[in-house]
Amino acid sequence: NALVEFALVLPLLLLVFAGIVDFGFLFQRYEVLTNAVREGARIAVLPSSYSDTVIQQRVTSYVTAGLGSSAGLTVAAPVRSTAGGLSTVRVAATLNYDYIILGPIVNLVTGSAWASSISLNAVSVMRTEVAP
């Protein structure tokens with residue numbers, strides 16, 4: 001009796017566990033991307049005025065250090081704007097995340113890859129520092 005119940009509940013428990021693991025990986029990648037964009041915006045607002053290429057390279061190198069690869073990463077050119085006497089820099093990036101566990105499982109069950117990938121987006125806007 002207990003063995004039958006275990007056999008019925010085990011697939012559901014494994015699916016929940018796989019979802020928790022996949023969400024953990026997704027959240028970790030999102031945090032790395034968010035911190036990378038924040039780092040890019042931070043150097044963009046410094047008085048030494050780094051070039052757009054250097055800012056994009058900083059974001060890419062941060063993601064590579066955090067994830068081991070920057071595959072699927074797109075870093076937009078920083079956007080500088082001034083409104084109301086306040087100068088800001090906006091840095092944005094997108095990272096495509098492929099589900100490790102749930103994507104293949106859903107693909108096996110449904111025959112479609114609707115849950116195999118998601119785009120993670122991060123944006124950071126910082127005020128430009130002015131030297132006294």
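Here is a short walk along helix H1 and some of its side chains. Please keep in mind that the model is predicted.

Let us begin with the helix itself. H1 covers residues 2–44 and has 43 residues. From its first C-alpha to its last, the helix reaches 62 Å, which is close to the 63 Å expected at 1.5 Å a residue.

Is Leu-3 buried or exposed? Its relative accessibility is 66%, and because anything over 50% is called exposed, Leu-3 counts as exposed.

A pair of aromatic rings is described by two things: the distance of the centres and the angle of the planes. How many aromatic pairs does the structure have? The count comes to one. In this pair, the ring centres of Phe-23 and Phe-27 are 6.2 Å apart and the planes stand at 20°, so the pair is stacked, since planes under 30 degrees apart count that way. Both residues belong to H1, where they sit four residues apart, or about one turn of the helix.

The two partners can also be described by their accessibility. Phe-23 has a relative accessible area of 53% and is therefore exposed, while Phe-27, at 45%, is partly exposed.

Key
Residues numbered from 1 in each chain as written. Predicted model: local features only at pLDDT ≥ 70, side-chain atom pairs only at ≥ 80, totals over all residues. Heavy atoms only, no water. Helix = DSSP H or I, 4+ residues; strand = E, 2+ residues; numbered from the N terminus. Buried < 20%, exposed > 50% of the residue type's maximum accessible area, 1.4 Å probe, protein only. Phe/Tyr/Trp six-rings, centres within 6.5 Å; stacked < 30°, edge-to-face > 60°. Expected span 1.5 Å × (residues − 1).
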